[in-house]
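Open the model in your viewer and keep the sequence panel at hand. We will go from stop to stop, selecting a few residues at a time.

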Amino acid sequence: MKRWKGPGLIFISTLVTIILVLPTLIVVPFIGSNKEEQVMPVSTNEVATEQDFNLAEGSSLDVAVLRSSSNQVDEVPLEVYVSRVVASEMPADFELEALKAQALAARTYIVRYLTNEKATLEGGAHVTDTIKHQVYKNDEELRTIWGTDYDWKMNKIEQAVAKTQGEVLTYKEEPIFAAFFSTSNGYTENSEDYWPNEFPYLRSVESPWDAESPKYMDQKVFTKTEIEAGLQVSVSADEPILSNVKKTESERVSEVTVGGKTFTGREIREALDLKSSDFTVKYKNDHIIFTTKGYGHGVGMSQYGANGMAQEGKTYEEILSHYYQGIAISKVDDFLPKIAAK
């Protein structure tokens with residue numbers, strides 16, 4: 001009996017320990033795993049917070065902006081200026097890579113401008129806040145426009161700017177003329193087909209993604225009298241409104257005759273306030289219907305094209321290399337000495 005009692009007690013104690021402890025050993029790892037998933041959720045989306053970056057501190061120079069509404073000059077840190085230009089020029093719900101591409105275009109534009117131009121505007125301003133340079137709206141204006149969407153929209157744009165901080169586009173080690181516009185007709189335009197200057201990096205390229213843009217097609221209706229007044233010509237009753245139409249490589253109107261006078265496609269577009277210089281006409285009763293493809297001058301980066309490329313998984317570097325041929329990505333700091341010398 002004594003020999004049995006000792007081993008028996010040991011056996012019973014061991015059995016009790018197994019019954020009580022083993023379930024705990026089985027459950028604890030899974031409890032820990034669940035807790036870890038709650039603390040660190042897996043996400044495929046890049047989410048920015050205000051603590052992720054400080055654009056003012058990351059700026060290497062200030063931009064003096066002449067505000068058209070107040071005629072006052074705002075001194076704005078470069079990266080803050082870029083973020084507000086992106087916010088004013090491109091829809092915030094575009095893909096992050098498209099917003100990054102827009103950030104480089106905006107930053108390159110102002111760096112090139114500061115490198116080559118002196119501050120000659122009122123109050124020593126470098127640029128205006130209008131399409132004469134780049135559209136710029138401050139925080140107060142953006143809050144009014146966006147309302148309750150301000151936080152997520154500004155947060156996303158600032159993330160795009162922060163992730164490309166200090167980057168500019170160069171050609172032969174000089175900042176490029178980073179032209180951009182809304183929507184193409186399927187191709188971008190050679191620079192010399194719209195402006196006097198030929199830039200080797202502003203070449204006509206395919207941009208099929210623009211067909212999905214809500215701004216791809218537009219129509220505008222005129223009377224014969226309105227066209228004559230807009231173009232300062234007289235069109236006889238027995239001649240067509242448009243004749244001798246010539247096209248550019250991108251199928252936009254290069255030259256056209258109206259009332260015996262030759263105009264460029266750009267001149268027609270601006271005089272009649274058309275969406276683009278890719279236009280055709282149809283006649284209906286006493287009216288002339290202009291149908292346009294695309295929106296904007298068509299030179300450089302198409303914003304809707306950039307977003308389409310981003311939706312296909314292209315990076316901002318790939319987007320920029322497509323729309324600006326032969327360019328490189330350099331740093332703003334390389335141009336600070338020249339800007340400071342102005």
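In which loop does Asn 285 lie? Select Asn 285 and you will find yourself in the loop between β11 (279-284) and β12 (287-293). Keep in mind throughout that this is a predicted model. Asn 285 has a positive phi of about 55°, although it is not a glycine. With 73% relative accessibility, Asn 285 counts as exposed, because the cut-off for exposed is over 50%.

Next, jump to Asn 71, in the loop between β1 and β2 (73-77). Asn 71 is not a glycine either, and its phi is positive, near 60°. At 40% relative accessibility, Asn 71 counts as partly exposed.

Now head inside. The largest nonpolar core holds 65 residues, and those with the most contacts inside it are Val 63, Tyr 81, Ile 157, Met 301 and Tyr 324. Elements that give two or more residues to this core include β1 (62-66), α2 (78-89) and α5 (150-162). Colour α3 as well: it gives the most, with twelve residues.

Zoom in on Met 301. Setting aside residues up to four places away in sequence, Met 301 touches, among others, Ala 105, Phe 180, Phe 181, Leu 320 and Tyr 324. A second, separate core has 17 residues, including Val 253, Val 258, Phe 263 and Phe 279.

For the last stop, select Ser 182, in the loop between β6 (180-181) and β7 (217-223). Is Ser 182 buried or exposed? Ser 182 has a relative accessible area of 10%, so it is buried. Beyond its neighbours within four places in sequence, Ser 182 contacts Asp 210, Lys 215, Tyr 295, Ser 302, Gln 303 and Tyr 304.

Technical notes. Residues are numbered from 1 along each chain as its sequence is written. This is a predicted model: local features need pLDDT of at least 70, side-chain atom pairs count only at pLDDT 80 or more; totals for chains, interfaces and linings use all residues. Side-chain values use heavy atoms; hydrogens and water are left out. A nonpolar core is a set of buried Ala, Val, Leu, Ile, Met, Phe, Trp, Tyr and Cys residues joined through side-chain atoms within 4.5 Å. Buried means under 20% relative accessible area, exposed over 50%, partly exposed in between (1.4 Å probe, protein chains only). Helices (H or I, at least four residues) and strands (E, at least two) are DSSP runs, numbered from the N terminus. Contact means heavy atoms within 4.5 Å.
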